[in-house]
Amino acid sequence: MLGYAGRILHVDLSSGKIWTEPLKEELAKKYIGGIGLGMRLLLDHSKPGVDPFSPENPLVLATGPLSGSMVPTGGNGHAFVSKSPQTFAMGESKSHGHFGTAMKRAGYDAIIIHGKSEKPVYLWIDDDSVQIMDAKHLWGKSTLETEEAIRNELKDFYIRVASIGPAGEKLVRIACIMNDRSRAAGRCGMGAVMGSKNLKAIALRGSKDIKVANQERLLELIKIQHERMKGPAARKYRTLGTPENVLVLQKLGAMPTNNFTRATFDGADRISGEYLNERFVAKIIGCSSCAMRCEHIAVVPEGPYKGTTTRIEYEPLWAIGPNCGVGNLDAILKGMDLSNYYGVDAISIGGIVGFAMDLYEHGIITKEDTGGLELNFGNHEAMIEMIKRISLREGFGNVLAEGVKLAAEKIGNDAPKYAVHIKGVEMTGYDIRGLKTAALGYAVSFRGADHNRHGAYGPDVAGKVNRFKAEKGRGKLVKETEDLYTIIDSLIVCKFSRGTYVEGYKDLAALFSAVTGIEMTPEELQRAGERINNLGRLFNIREGLGRKDDSMPWKVMNVPIPDEGVAKGSFVSQEDLDLLLDDYYEVRGWTKEGIPTVEKLTEIGMEDLVYIVKDKLEPKGQEEE
Amino acid sequence: MAAVPMAESAKWKMVSCDPDKCTGCTVCEYICSLTKENSFSSQKSRIRTMRLHPLINISIACRLCSPAPCVTACPRDALTQSEQTGVIMIDDDKCDGCSWCIEACDYGAITLHPELKKVRICDLCEGDPKCVKWCPEEGLDFTTKDILAQKARIAVTKKLFKESLEAAGIKT
């Protein structure tokens, strides 16, 4: 079992106890690593119904079997998994950079953080030495300042740090965990869970060798991947990067604007990937082992935000920009930089500010609530100020720091109608009113609104299906892409590299086997993907979720796209949603209520988790068992 | 130690990184440690990447100085420089890991092997450096100092005469 470190580290912050246990090969083979392994460890080490901020909710950190190896993009990933303070269900978020490489080299496949420290601390993992360090002097610092301070005090520039900012400390529910300066485990509020444990950072130094099972074969495979990564499959990421989406989605009428009021943005040309590359992008850098490089570093050249230097991607650009009606790129970049600084998910923060602007425009909140801010769409100064207030829980920001779902419940009135979220997680930058395969993918995602748990916008955007129609067959499309994406997140390789695995599971299984020496067929790997998706579902069922939670934001179901053009009039009706869910559940082998059956769980080797669904299934299911 | 005659050292080729192309991906470290140590390890790589800031990335290997301060610094005469290639050769029987050479090197191009406690320096893979071959950005060159100077001259001239070149329709 090479590739894997073969060890799981446990740290109990309540008692200060630290211990390790071996990683069993069966577990590795079944759940691979990354989110798969992390989710299984979370399930096994938590009780149902605990509050996400309770010391009883562990925070799991996992690398994949390829981490630390030269597999392009595979060498560097890590995943955080915990019960999400936004969804009260499965939360997971991945990040890249150099942190995952160091964690594997330190000798750990997973780190499970239990309990809660009395005082602010950080974890210092130096190969086999694990210490809980005082972090009083780091409390209140930004993520970047924390990273630099820890490197300075431990006196090694190559130490890798994952940390939370002030937002995580203050339990802002959209807090993220940053590493390597500009990389974020952004979604699902993992940073808030970390903050609830009084854990400011995890610092790593790894010096152990990473050995692989079949060196010669691996180099052959890597060579092939390198060639593919220089070709068309990675072109987008090497050139314009994800901001290429701006003009693509604009053309399709699929770029949500003003908190999903419209689906096109008037200033799209001035925030496009093309415009960014021409005026702002100073350098494109890569993560450890990557042969693509995608990380566009933008610098604001002039004006009040001059010198702001930040990584750019479509999603945060969209959230802070068009979703708030903001077309001023200088301000958008400043907003993204501030999100990293305070440590909040730059997608969700844009969702929240857009939501607040929508309420303001509709008179549901007023200047009195906003502390004098004129929170109209397009007011970029107010947007910047709100990012700060939410991140620090100042004034009205304290309400919004709960995320749009909980904030809307608190604000009352019609506010929930303007809260654009699924399962409590703010939407991402695809207008699913006119992308109905994607709509299904979003609805069933076990971590809430998300385009990265599936690639279901793919067939819609590429025109492979009628994107305005809900019909049978979409369930299969969503299931297939979900299974693959889950494996991508478990190995962990980068989603941006997905197009380079031209033979899909065959390529991924070959890489897995060459590194680990564990035989794995493409079919077995696909099966593992299916298993991990069922695992996410089972966790959520254990926490009380079901069909009712596979839902759409109110606006998506009630406000047809108003913009002139191809997408005009499109929305997702209840009938659409029911049809899509029925189709998907059937393909998944789940009941009408979205519960995996005993047969399905047995078929995919999850007999041990049948207990979760047992009393939720119809009597028929129980008899069959 | 006397410098090697100019005629010889001018022919030496070294691994040099173009920071404009370097993305900080550390693929050079991966392939170096695999080639030399059969494992992936930054500490055992003879070339090291430095990202000082997202905008500033570079990989550094032995610069083939002549005279080489590392050779001069070694109190045990464990290091010698090949007249033919400029590579610093290490006599493991003499090297005791004291690391005077590491301090003497202005570029941080010498590494102490964490287990053997002997120093390790880029040996150019017998004239076929694997890092140069595998760099996904083609950001590493295996070339002489004179050719590096030439490249810089070409680049600066292109910049100086950009308008004239464009006006004449000369593609460069």
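Guide: H2(A) and H20(A) are roughly perpendicular to each other, and the model we see them in is predicted.

Visitor: Why are H2(A) and H20(A) called roughly perpendicular?
Guide: Their axes cross at roughly 85 degrees and come within 4 Å. Axes are lines fitted to C-alpha atoms, for helices over the stretch in contact, and angles run from 0 to 180 degrees between N-to-C directions. Angles under 35 degrees count as roughly parallel, over 145 as roughly antiparallel, 65 to 115 as roughly perpendicular and the rest as oblique. The pair is therefore roughly perpendicular.

Visitor: What makes the contact between these two helices?
Guide: A:Gly34, A:Ile35, A:Gly36 and A:Leu37 come from H2(A), while A:Thr486, A:Asp489, A:Ser490 and A:Leu491 come from H20(A). Contact here asks for C-beta atoms, placed from the backbone, within 7 Å. Helices (H or I, at least four residues) and strands (E, at least two) are DSSP runs, numbered from the N terminus.

Visitor: Why are H12(A) and H14(A) called roughly parallel?
Guide: H12 (residues 329-342) and H14 (residues 380-391) of chain A pack at about 5 degrees, with axes 10 Å apart. That angle makes them roughly parallel. Their contact has 6 nonpolar, 4 polar and 2 charged residues; Ala, Val, Leu, Ile, Met, Phe, Trp, Tyr, Cys and Pro count as nonpolar, Asp, Glu, Lys and Arg as charged, and the others, Gly among them, as polar.

Visitor: Which domains is chain A divided into?
Guide: Domain 1 (7-205), domain 2 (257-426) and domain 3 (433-624), with bounds from an automatic or database domain assignment. In chain A, 37 residues of domain 1 are in contact with 29 residues of domain 3. On the domain 1 side of chain A, H2(A) gives the most, with 7 residues.

Visitor: How many residues of chain A are in contact with chain B?
Guide: 26 residues of chain A are in contact with 18 residues of chain B. S13(A) supplies the largest share of the chain A side, 4 residues.

Methods
Residues numbered from 1 in each chain as written. Chains lettered and ligands numbered in written order. Predicted model: local features only at pLDDT ≥ 70, side-chain atom pairs only at ≥ 80, totals over all residues.
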